[in-house]
Amino acid sequence: MPSFSQLAPGVRRLLAPNPSMMTGPGTNTYLFGSSEVAVLDPGPLIESHLRRIESIAGAPIRYVIVTHTHPDHSPGAVELARASGAELLGQPAPEGEHQDATFVPDRILDDGERVLIDGMEIEAISTPGHASNHLCFRLLALDWICTGDHVIDGSTVVIDPPDGNMKHYLQSLEKLKALNCSALLPGHGEIIRDVDRIIDWIIKHRLDREEKVVAALGKNPDISTSELVPYVYTDIDKKLFGWAERSLLAHLLKLEDDGEADCIDGNWSVTA
Ligand SMILES: [Zn+2]
């Protein structure tokens, strides 16, 4: 992926230098506006990346916005806002692990709230699931949506309970689909143009997995989450079983919420 891309007039993307198994090529930082700038997801606290954001912005940075407070998206926000005098916008970090507690917004953005930058309107869309405080951002003039980690390019995201919630995630995917936008700008990877196909694929992938969970649970009743992993994740490397267990738990909690599975003393069964 290029480290800098001009995606449309007033829409630029910078790739943070944090590639990894979980972040793919790295975190995408988006810059909106030309005569004044809003920055979305400055990424981890990497000085060189923050200086590059300021230099490419080439104009006052008015807002630093975050999609959610995972460590690869928001820790650069406070420092960038301090250095530029920008206002911090987003939702505060929830309690728990893997959350950037340094991110404290000056203004909390709720579903439907808009930010105006250099004549561009950007609308916050509440999309809990991957993270309870996750927001997507719709660029109204282009009908593009920045999806953070709600939808990423080329891979599926981890749903890690209790902050991650599979039921909310699927509902938020339906919500995104209903907006019928023309492109998705993900937090990781390239711009996604075949929006419906990708969202449908993710929903189907999750529901197929859920079916596998129900089938495996039917054959192996009274089983712990970790014992169930190899029956459900027959298609992945054992090295990924730790993450798979988190996703499996997310599926099981959804099934419990739907009245299709029960958990007694840490062991799962399908509802009788
Ligand atoms: Zn995330």
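Biologist: What does Lys167 count as, at 24% relative accessibility?
Modeller: Partly exposed. On this scale buried is under 20% relative accessible area, exposed is over 50%, and partly exposed is in between (1.4 Å probe, protein chains only). Bear in mind that the model is predicted, with local features needing pLDDT of at least 70 and side-chain atom pairs 80 or more, while totals for chains, interfaces and linings use all residues. Numbering runs from 1 along each chain as its sequence is written, and side-chain values use heavy atoms, without hydrogens or water.

Biologist: OK. Which side chain does Lys167 meet in a salt bridge?
Modeller: That of Asp258, at 2.6 Å from N to O. A salt bridge here is a side-chain nitrogen of Lys or Arg within 4 Å of a carboxyl oxygen of Asp or Glu. Lys167 sits in helix α3 and Asp258 in the loop between α6 (241–257) and β14 (261–264), so the pair ties together parts that are 91 residues apart in sequence. Helices (H or I, at least four residues) and strands (E, at least two) are DSSP runs, numbered from the N terminus.

Biologist: And what about Asp258, how accessible is that one?
Modeller: It comes out at 28%, so Asp258 counts as partly exposed.

Biologist: How many salt bridges does the structure hold?
Modeller: There are 19. One of them joins Asp194 to Arg197, with the closest N and O atoms 2.7 Å apart. Asp194 is partly exposed at 32%, whereas Arg197 is exposed at 55%.

Biologist: Which residue does Asp235 pair with?
Modeller: With Arg209, as a salt bridge of 3.1 Å from N to O. This pair links distant parts of the chain, 26 residues apart: Arg209 is in helix α4 (residues 195–219), and Asp235 is in the loop between α5 (225–232) and α6. Salt bridges that share partners also join Lys167, Glu210, Lys254, Asp257 and Asp258 into one network.

Biologist: Buried or exposed, which is Arg209?
Modeller: Buried, at 9% relative accessibility. Other buried residues of α4 include Val195, Ile198, Ile199, Ile202, Glu210 and Leu217.

Biologist: Changing topic: which residues are the protein donors of the zinc ion?
Modeller: His68 (NE2), His70 (ND1), His130 (NE2) and Asp149 (OD), lying 2.1 to 2.2 Å from the zinc ion. Donors are N, O and S atoms within 2.8 Å of the metal (3.2 Å for Na, K and Ca); water is not among the atoms, so sites may look incomplete.

Biologist: Why is the arrangement irregular?
Modeller: Because the 4 donor atoms subtend angles of 90 to 169 degrees around the zinc ion. Four donors need all angles between 85 and 135 degrees to be tetrahedral; square planar (four) and octahedral (six) need opposite donors over 155 degrees apart and all others between 65 and 115; anything else is irregular.

Biologist: What spacing do the donors follow along the chain?
Modeller: It reads H-x1-H-x59-H-x18-D. His68 is in the loop between β5 (61–65) and α2 (76–84), and Asp149 in the loop between β11 (144–148) and α3 (166–178), so the pair ties together parts that are 81 residues apart in sequence.

Biologist: How accessible are those two, His68 and Asp149?
Modeller: His68 is buried, at 1% relative accessible area. Asp149 is buried too, at 6%.
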